[in-house]
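User: I would like to go through the labels used for this model and see what each one rests on. Please set the values against the cut-offs as we go.

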Amino acid sequence: MGRKYIVYAAGAMGVIIKRYAEELGIEVIAFYDNNKKLQGNYVDGVKVLTQDEVYEKTKNNKETGFIIGSESYLCELHSEICALYGNSVEIIEPDQIQERYWEDIVIPQKKQLKEQYSVAYRTQILPWIDGIMDEVAYWIKCNVSRNGMNHKNYVIRFQHQEDAFSCSRLRRELQCGDTVLDVGCGICTPYGNRIRDGKLNLTAVDPLAFFYNKINGAYAKNEKEWVKFGIFEFLSAFYEKASVDVILVDNALDHCIDPFKSILECLCVIKTGGVLSMRHRRCEAVYEGYMGLHKWNMDINDEKEFIVWNKDNFVNISRVVRDFAEVTVRLEKSNGRKDAFIEVEIVKKRAFDIGNFYEQDQDRQRMGTVLQALMEKLSDQTLNLQFQKLLEII
């Protein structure tokens, strides 16, 4: 018989680590979590044990080990396991699983991927819509709420909107009056709008704008449009072609329904000579276990080209757009692979016809699919009730 493992911590990270382990051929028999509400229930198909049940499974059984399912409380959980079950018990840390998963699963998977790209909008948008309230809850509970772990950062971000513009990765020197879009900005833009003796025409854009404006309004006790509504995949329906100087995107494309189309739409509305500047955690979908809104990986290949991929799709953006845009990719220095970020700058060299990539009829059908799915979700009265309860936290 092979060794069996209990994943210690049954939160989102624990589920990801469990799935990694199973893909690596490691047998996971249970979770443990100190949250008593979880104990006795099933998470991702396996039972969450009580401490007594864990003890029964591990006493006098050298074939059962532990995999820690949390990075935030790694040291505490490691010490707890040793104190409760002995120093001789095998403990595997999440970094070890992640590194092995990258070497044994991700790298071979990437080598086998062929240039193919097809997005079923109906299939992609349904989980995206289902994840809306999770995203809204994250911003309220963790950021806007005065008890949130990131509340201080939210306050700084919120107040910085009228401060000096700052984006260290942007190599282009901006001029007063330049039009800048922060697309997929989240709760509000982290960039200021002042530059030298004037202002930028900076607009924060996000598909969840109506939620974020109500949240910011509840915090600031002031009704104002901090964020404008816009959808990546149809950005040219909201902004005129060749009307924008710079578009900034921060860790948002992995949430998209169709990141390739989103990039083309950005380039469509950017002026010739304008810049699309992006920064993403490398392979976010991999490290988030393709859970929630994380469906795509922004990545760099050995030729230092910008690639977008997941388990079913692969497109080399650098090569596809090279006739009308110049792409520069830089891998930031980091402490480890899972903490790596990539910076991508795409400079538009000339106008192009997006119809060469997406037919107009096909585009209309896709927009119709998105609108239909959104209206279906709007008819769910529980959505608004959930949102109203969340607003009460602020």
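User: How do you know that β14 and β15 are paired, and in which direction do they run?
Analyst: The model is a predicted one. In it, 4 bridges join β14 to β15 (residues 306-309). Pairing needs at least two bridges, so the two strands count as paired, and they run antiparallel. One of the bridge partners is Ile 307 in β15, which faces Asp 299.

User: Which residues of β14 are on each side, and are they buried or exposed?
Analyst: Asn 297 and Asp 299 are on one side, Met 298 and Ile 300 on the other, and all are buried. Both faces of β14 are therefore covered. In a regular strand, side chains alternate between the two faces of the sheet.

User: Which strands are at the edges of the sheet of 6 strands?
Analyst: That open sheet has the order β3-β4-β2-β1-β5-β6 and mixed pairing. β3 (42-43) and β6 (91-92) each have a single partner strand, so one side of each is left without a neighbour in the sheet.

User: How many bridges join β2 to β4?
Analyst: There are 2 bridges between β2 (residues 27-32) and β4 (residues 46-49), and the strands run parallel. The cut-off is at least two, so this pair meets it. Tyr 32 has Leu 49 in β4 as its bridge partner. Helix α2 (residues 51-58) lies across β1 (4-8), β2, β4 and β5 (64-68), at about 110° to β4.

User: Why is Leu 24 called buried?
Analyst: Its relative accessible area is 12%. Buried means under 20%, so Leu 24 qualifies. Leu 24 lies in the loop between α1 (12-23) and β2. Apart from neighbours within four places in sequence, Leu 24 is in contact with Ile 97, Arg 100, Tyr 101, Asp 104 and Ile 105. Tyr 101 is 77 residues from Leu 24 along the chain, yet their C-alpha atoms are separated by 6.7 Å.

User: Why are α6 and α13 called roughly parallel?
Analyst: The axes of α6 (residues 132-144) and α13 (residues 381-391) cross at roughly 5° and come within 10 Å. Angles under 35 degrees count as roughly parallel, and the two helices are therefore given that label. The contact is made by Met 133, Val 136, Ala 137, Ile 140 and Lys 141 of α6 with Leu 383, Gln 386, Phe 387, Leu 390 and Leu 391 of α13. By class, these residues are 8 nonpolar, 1 polar and 1 charged.

User: What makes α6 roughly perpendicular to α7?
Analyst: The axes of α6 and α7 (residues 151-159) cross at roughly 100° and come within 7 Å. The range for roughly perpendicular is 65 to 115 degrees, so α6 falls under that label relative to α7. Trp 139, Cys 142, Asn 143 and Val 144 in α6 meet His 151, Tyr 154 and Arg 157 in α7. The residues of this contact divide into 4 nonpolar, 2 polar and 1 charged.

User: Why does Cys 142 count as buried?
Analyst: Cys 142, in helix α6, has a relative accessible area of 19%. The cut-off is under 20%, so Cys 142 counts as buried. The C-alpha atoms of Cys 142 and Tyr 154 are separated by 9.2 Å.

User: Are Cys 268 and Cys 176 buried, exposed or partly exposed?
Analyst: Cys 268 has a relative accessible area of 4%, under the 20% limit, so Cys 268 is buried. Cys 176 is at 42%, between the 20% and 50% limits, and therefore counts as partly exposed.

Conventions. Residues are numbered from 1 along each chain as its sequence is written. This is a predicted model: local features need pLDDT of at least 70, side-chain atom pairs count only at pLDDT 80 or more; totals for chains, interfaces and linings use all residues. Side-chain values use heavy atoms; hydrogens and water are left out. Axes are lines fitted to C-alpha atoms, for helices over the stretch in contact, and angles run from 0 to 180 degrees between N-to-C directions. Angles under 35 degrees count as roughly parallel, over 145 as roughly antiparallel, 65 to 115 as roughly perpendicular and the rest as oblique. Contact means heavy atoms within 4.5 Å. Ala, Val, Leu, Ile, Met, Phe, Trp, Tyr, Cys and Pro count as nonpolar, Asp, Glu, Lys and Arg as charged, and the others, Gly among them, as polar. Buried means under 20% relative accessible area, exposed over 50%, partly exposed in between (1.4 Å probe, protein chains only).
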